[in-house]
Amino acid sequence: EERREYEGLGFSDLKQLVKQRGYQLPKFANKESLIACLLNKGRRMRQGRGSLKSPTWRLRPQRDRPLLPLDEIDWTTALGCQKSEVGHGGVFFVKLGRGVVVLKSCADVASQLFASVIATWLGLRAPKCRLLDTHTAEFKTLYNRLKTINCPLAAHKLSRRSYVLVFEYIPGTPLKNLHSSELEKLRKEYPGDSSKTYMEHCCESMGQLCAMDALFYYDGDRLPIVSQTRGNGGNIMLMAGDYNMCAIDNGANFINCSNEVGRERAKIYFEDTANVIRSFLQRPRLVATNMEMIRRMMHRYTGWVAPDKEFLIPIQRGFITGARRILREFPDVSRFRRLHSLMATVDPPIPGISSLSLEFLATMIRVFSLALTSSSTTTTPQSKDTTATITTTTTTT
């Protein structure tokens, strides 16, 4: 009798009824499969001789925990997989017996791996990561398991390239998803005996991250201090519990200076970076003009007006701290070169390795050094000398 009632409905009505009852739509939806779904109250039908397929797993950002270490993963324990809803290429969250890992397949593997390693060298919190060769037995185990748990899309997309990046899962909330009430809470509460609020600690860490992004011509995809784009607050995570900042989706971009157009772009970028550093040093208690783009970005995401003292100025302080730390850790490009050489020995070659420009990094280190040493309240002639030196360095590059 129930079947006859459903058979009297049209396809659209059946589909709407399935959604209203909270059941998952069949993979191949037609009238018969929708009726079967309703009769079975959403339970999946048996597939051949096997057991029931696993139920759909959904990520719980505040409750799921990372699986570590990343080099000892038993892929046969995978229980579910979910694709991220944001991002250009997206990532896959894979639930295993003891935690969650993040998988990403992209064309710029070398850029992301390079930037993630440098971030840890600079003392910034970034997800641990490793390479997984898609030609190995380990990946074949992962591939087969994803198909077994009804995740063929993930299996297909991850197998299209020679490498997959395996990232540590970071439980927390992206900066752009914070509610204004949460931001106000961070603004007023103090961690332990610290004289700085949670927000000041977090913003100083974000400022140090911005200095690294400026070094890599990447701040347009995070906090746009130099590039002055719309920015992307989704690539900064505030970790659950302690609100520590973690940089996700890191990358290293470089301007191609092999032609006149590229050299002109690079010259403008070098000068803009030097001007940002000088403005932060010369007026440390005032918000620089470039910081207004971050205020707009935060208002666009959350409706919250970022305050000068507790939010923007700590980012400026952190930027200068980060720039000085970069010069301490990398007085020249020798450490960059060793990392690049190590990555270049991997076989098959890591995609994007040829786009990593040590010459661009050498010039950026020079820009940081000149801007930090030539900045004082009465250094207009020195600023002109700095610009001239940057122009000369750009031409050499």
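Helices (H or I, at least four residues) and strands (E, at least two) are DSSP runs, numbered from the N terminus. The structure is a predicted model, so local features need pLDDT of at least 70 and side-chain atom pairs count only at pLDDT 80 or more, while totals for chains, interfaces and linings use all residues. Residues are numbered from 1 along each chain as its sequence is written, and side-chain values use heavy atoms, with hydrogens and water left out.

Helix H5 covers residues 137-148. Phe 139, Leu 142 and Leu 146 are buried in H5 (buried is under 20% relative accessible area, exposed over 50%, partly exposed in between, with a 1.4 Å probe and protein chains only). Looking down the axis of H5, these buried residues fall within an arc of 55°, so they line one face of the helix; the arc is that of the directions from the helix axis to the C-beta atoms. Turned away from that buried side are the exposed Ala 137 and Lys 140. The buried residues of H5 pack against several elements, including strand S1 (80-83) and helix H6 (152-158), where contact means heavy atoms within 4.5 Å. After H5 comes Asn 150, with a positive phi near 65°.

Elsewhere, three strands form an open sheet in the order S6-S7-S8, paired antiparallel (two strands pair if DSSP finds at least two bridges between them). Its edge strands, S6 (172-174) and S8 (245-247), each pair on one side only.

Conventions:
The expected span of a helix is 1.5 Å times one less than its number of residues.
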